[in-house]
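Visitor: I am new to protein structures, and I would like to take a close look at one single part. Could you guide me through it slowly?

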Amino acid sequence: MKTIKKILLLLLVLLVIAQFFHPEKNQGDLASIQPFLDETNPPEDVQIILKESCYDCHSDVTRYPWYNNITPVNYWLAEHVNDGKKHFNFSNWVGNSVKRKDHKMEEFIEMVEKSEMPLESYTLVHKEAILSDVQIKAVVDWAKQVRMKYSLEPKPE
């Protein structure tokens, strides 16, 4: 029994010490998203959906919940955001080729249509991010229009 108490005490001490270490936060400026919005011109309802369901993990602007102050949860969230930004980053739209933008929008459509985005682990806590069928249709229709625009742009030779 003493061994179990010692192990629990050691774990508690390690947990307390861990609270002094935090990953870097993803707290860029909303202005970083503006070039994407200017280029793709989403309607107001789609802009709201993107803000509520996408930006936290797929831009340089994350709204952190209270539990982000708890280590090791904050490391898990940081990894989640970094991984999300690797796949699609609204804040890193400028400088991508038309081909890459088209491909990213194709992936975006696929993930939203299959209800693979937003992730269930995100929507468990962020109920406002759950997309209705009407919202999915609005986002997909807009994204398809964006892809159509990219298909009409001249390709570099």
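Guide: The buried residues of helix α8 are Ile-136, Val-139, Val-140, Trp-142, Ala-143, Val-146 and Tyr-150, where buried means under 20% relative accessible area, exposed over 50% and partly exposed in between (1.4 Å probe, protein chains only). Seen down the axis of α8, these residues fall within an arc of 165°, so they line one face of the helix; the arc is that of the directions from the helix axis to the C-beta atoms. This is a predicted model, in which local features need pLDDT of at least 70 and side-chain atom pairs count only at pLDDT 80 or more, while totals for chains, interfaces and linings use all residues. Residues are numbered from 1 along each chain as its sequence is written, and side-chain values use heavy atoms, with hydrogens and water left out.

The face of α8 turned away from the buried side carries the exposed residues Asp-133, Val-134, Lys-137, Gln-145, Met-148 and Leu-152. The buried residues of α8, for their part, pack against α2 (34-40), α3 (44-53) and α6, and contact here means heavy atoms within 4.5 Å. Helices (H or I, at least four residues) and strands (E, at least two) are DSSP runs, numbered from the N terminus.

As for length, the 20 residues of α8 (residues 133-152) should span 28 Å at 1.5 Å a residue, and the end C-alpha atoms are 29 Å apart, which agrees; the expected span is 1.5 Å times one less than the number of residues.
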